Amino acid sequence: MECRYETLKPYQLVGAMQMYEATKEVAYQEFVLNHIAGLKTLEGTAGILPMQDYLAYFFAYGQTDNEEYRQEIDSAMDLNEWTLDFMPFVTAYETSYNSKEHYNEIAAMFRNKESFTGTELVALIETINQMSEEIYEYYRELRDLFKVIVKEKMKNLPDSPEILEIGYSILKACNIGVLQKERYSNFGELVWKTIAGNNNNTCVGLESMINAQYTILRKQEV
């Protein structure tokens, strides 16, 4: 796997994290940890990452128990405006460190949207993935909202310009129990086939996420 240190495009670290989850190949883990460690020499490290990849700080902290990463998590919470792209990180923080205190505000960020882009759909399924089902009222609200949005967007497949975002969201939703695999996994597989012939030996972000979720789906079927 070739993953050079460079300015990241959105989802490159999350893609590597998910490929590590799916394959346990150490190269993916090392890519994330090396990149995060490299940022420690720079000021304001959280601000250098694309918002979609802030979850890498949780990954790095979980893999290393390095308290510097825990401090970066706190710093990111203090310094960043709440946007939809930031909600997966906020939800992970609330779930792990803040007793789920602001779940209502998180749900409201999505509840008050009139329409969703493909990127915002990805943010929604990633937020659901970080949310504890123990607070079922908000988990169910976001789950039900996701189902409504994704059913509407699926009408434009396979010609949608958001095909990668839709396909990833469907595969992830099938894997975490938000959508029924029997009804929806074939749509995710359709999108996976559109990238299956690409060179997947690089950290390419959203394509890596699709490959990871498809790999996990196939393993669950064995």
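# A guided tour of a predicted model

The structure holds one cavity of 30 Å³ or more. A cavity is found on a 1 Å grid over the protein atoms alone, as a set of points where a 1.4 Å probe fits but cannot get out; grid points are joined across faces, edges and corners, and a volume is the space filled by probe spheres set on the points. This is a predicted model, in which local features need pLDDT of at least 70 and side-chain atom pairs count only at pLDDT 80 or more, while totals for chains, interfaces and linings use all residues. Residues are numbered from 1 along each chain as its sequence is written, and side-chain values use heavy atoms, with hydrogens and water left out.

## First stop: the cavity

Select Y11, V14, Q52, L55, D85, P88, T119, V122, A123, E126 and M209, which line the largest cavity; lining residues have an atom within 4 Å of a point. The space inside the largest cavity is about 90 Å³. With four residues, helix 8 gives the most to this lining. Helices are DSSP runs (H or I, at least four residues), numbered from the N terminus.

## Second stop: the largest pocket

A pocket is an open set of grid points with protein on both sides within 12 Å along at least five of seven lines. The largest pocket holds about 330 Å³ of space. Select M17, Q18, E21, N129 and Q130, which are the closest to its centre of the 20 residues that line the largest pocket. Two or more lining residues come from each of helix 1, helix 4, helix 8, helix 10 (163–175) and helix 12 (206–221). Helix 1 gives the most, with five residues.

Next, select K172, in helix 10. Is K172 buried or exposed? K172 counts as buried because its relative accessible area is 6%, where buried means under 20%, exposed over 50% and partly exposed in between (1.4 Å probe, protein chains only). Leaving aside residues up to four places away in sequence, K172 touches Q18, I125, E126, N129 and Q213; contact means heavy atoms within 4.5 Å.

Ten aromatic pairs are present in the structure. Select Y20 and F59, an edge-to-face pair with 6.0 Å from centre to centre and 85° between the planes. Y20 lies in helix 1 (residues 12–23) and F59 in helix 4 (residues 56–64), so this pair ties together parts that are 39 residues apart in sequence. Y20 is buried at 15% relative accessibility, and F59 is buried at 13%. Rings of Phe, Tyr and Trp (its six-membered ring) pair if their centres lie within 6.5 Å; planes under 30 degrees apart count as stacked, over 60 as edge-to-face and the rest as tilted.

Then select Y54, F58, F86, F89, Y93 and Y97, which form one aromatic cluster.

Colour helix 6 (residues 87–97), where eight of the eleven residues are buried. Which residues of helix 6 are buried? They are M87, P88, F89, V90, T91, A92, Y93 and E94. Their cover includes helix 4, helix 5 (67–79), helix 7 (103–111) and helix 8. Just after helix 6, S99 takes a positive phi of about 55°.

Move to I106 in helix 7. I106 is buried, with a relative accessible area of 0%. Among the residues that I106 touches, not counting those up to four places away in sequence, are W82, M87, V90 and M131. I106 and V90 are 16 residues apart in sequence and 8.0 Å apart in space, C-alpha to C-alpha. The buried residues of helix 7, which include Y103 and F110, pack against helix 6, helix 8 and helix 9.

## Last stop: a loop

Select S132, in the loop between helix 8 (118–130) and helix 9 (136–154). S132 counts as buried, at 13% relative accessibility. Its side chain reaches the backbone nitrogen of E134 at 3.1 Å. Finally, show T95, K100, Y103 and Y139, which S132 touches when residues up to four places away in sequence are not counted.

Key: A polar contact is a pair of N or O atoms within 3.5 Å; within protein, one must be able to donate a hydrogen and the other to accept it, and residues adjacent in sequence count only if both atoms are side-chain atoms.
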